Amino acid sequence: MLVFTRRRDEAIVIGDGIEVRVLRTGKDAVRIGVTAPHDVPVHRREIYDAVRAANQSAAAVPVASLAEVAARLRLHPQLEPVE
Amino acid sequence: MTPSATLEIVTRFGTFTVDPDDIVTFAHGLPGFERCRRFVLVSAPALEPFTCLHGIDASEPSFLTLDPQRVVPGFHTPLADADRRRLGVEREEALLWLAVVHIDDATARVNLKAPIVINPRHMAGLQVMNADTTYAADHPLDRD
């Protein structure tokens with residue numbers, strides 16, 4: 001891992017067009033600004049990891065009988081199906 | 001115009017015939033399945049009330065999903081400008097929202113915190129990741 005010391009308003013540049021800038025520092029937290037091209041998604045690590053774990057768990061579920069599962073669900077009627 | 005050839009999709013919920021027009025591209029895959037970029041939306045009576053989102057690349061992940069409106073009427077989650085640009089949303093157009101369902105022996109739950117959104121005009125999709133939504137990632141679906 002590359003490690004840098006940065007002060008407030010200082011930045012690092014990653015590759016072509018990604019900038020990570022320190023906006024504010026505090027005792028336990030740092031406020032960071034990320035500038036990236038539109039096609040580069042930027043996420044908080046812990047949120048991405050939580051969604052990844054949930055997806056992997058959902059994709060791994062073996063399902064015996066969908067009709068049996070569907071019968072026990074509490075669902076509201078479909079209003080306007082999207083074409 | 002000649003009708004496009006249909007595809008036969010084998011899922012763990014059965015084998016279904018789908019139209020190539022029902023293929024959705026996720027430019028970055030889905031978290032956990034980043035290398036699967038193309039998914040097909042499978043709707044069939046045998047799957048009701050679910051829609052199956054079935055990956056046709058890489059590890060071919062397969063999800064059951066539900067319209068979040070059927071779980072929580074009035075469901076709404078904001079779409080960030082960056083996500084709108086990624087999906088090519090130009091105006092107030094109808095988007096397709098899907099929530100990933102998780103089923104085990106005892107419970108069925110749905111992820112309302114990170115819904116999947118698709119722009120049907122471009123058949124482009126992504127999974128929304130909100131830091132500050134009040135919806136739960138494990139919203140219970142079972143009757144009491």
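User: Where is the place of His76(B)?

Analyst: His76(B) sits in the loop between α1 and α2 of chain B. Helices (H or I, at least four residues) and strands (E, at least two) are DSSP runs, numbered from the N terminus. This is a predicted model, in which local features need pLDDT of at least 70, side-chain atom pairs count only at pLDDT 80 or more, and totals for chains, interfaces and linings use all residues. Residues are numbered from 1 along each chain as its sequence is written, while chains are lettered from A and ligands numbered from 1 in the order in which they are written.

User: Is His76(B) buried or exposed, and what makes it so?

Analyst: A residue is buried with 20 or more other C-beta atoms (placed from the backbone) within 10 Å of its own, exposed with 12 or fewer, and partly exposed in between. His76(B) has 10 within 10 Å, so His76(B) is exposed. Its C-alpha is 9.6 Å from that of Trp97(B), at a separation of 21 residues in sequence.

User: Why is β5(B) called mostly covered?

Analyst: Four of the five residues in β5(B) are buried.

User: How do you know that β5(B) pairs with β6(B)?

Analyst: Two strands pair if DSSP finds at least two bridges between them. Four bridges join β5(B) to β6(B), and the strands run antiparallel, with Thr51(B) opposite Thr65(B). β4(B) and β5(B) are also antiparallel and joined by four bridges; there Leu41(B) faces Leu53(B). In the hairpin of β5(B) and β6(B), with six residues between the strands, Ala58(B) has a positive phi near 45°.

User: What joins β1(B) to β2(B)?

Analyst: A hairpin does, through two residues. Five bridges link these antiparallel strands, residues 7-11 and 14-18 of chain B. Glu8(B) is placed opposite Thr17(B).

User: Why do β1 and β3 of chain A stand at the edges?

Analyst: Chain A has an open sheet of three strands in the order β1-β2-β3, with antiparallel pairing. β1 (11-14) and β3 (30-35) each have a single partner strand, so one side of each lacks a neighbour in the sheet. Between β2(A) and β3(A) there are six bridges, and Thr25(A) has Val30(A) as its bridge partner.

User: What makes up the largest nonpolar core?

Analyst: Such a core is a set of buried Ala, Val, Leu, Ile, Met, Phe, Trp, Tyr and Cys residues joined through C-beta atoms within 7 Å. This one has 36 residues, and Leu53(B), Phe63(B), Ala99(B), Val100(B), Val101(B) and Val110(B) touch the most other members. Two or more residues each come from α1 (45-59) of chain A and from β4, β5, β6, β7 and β8 of chain B. β8(B) gives the largest share, seven residues.

User: Which residues is Val101(B) in contact with, leaving aside its neighbours within four places in sequence?

Analyst: Contact requires C-beta atoms, placed from the backbone, within 7 Å. Val101(B) meets this with Ala58(A), Phe50(B), Leu64(B), Thr65(B), Leu66(B), Ala108(B) and Val110(B).

User: How many residues does each chain bring to the contact between chain A and chain B?

Analyst: Chain B brings 41 residues and chain A brings 30. On the side of chain B that touches chain A, β7(B) supplies the largest share, five residues.

User: What is the mean confidence in chain A, and where is confidence lowest?

Analyst: On the pLDDT scale, the predictor's confidence in each residue from 0 to 100, chain A averages 89, and 92% of the residues score at least 70. Within chain A, helix α2 (residues 66-71) is lowest at a mean of 82, and strand β2 (residues 18-25) is highest at 97.

Notes
Contact = placed C-beta atoms within 7 Å.
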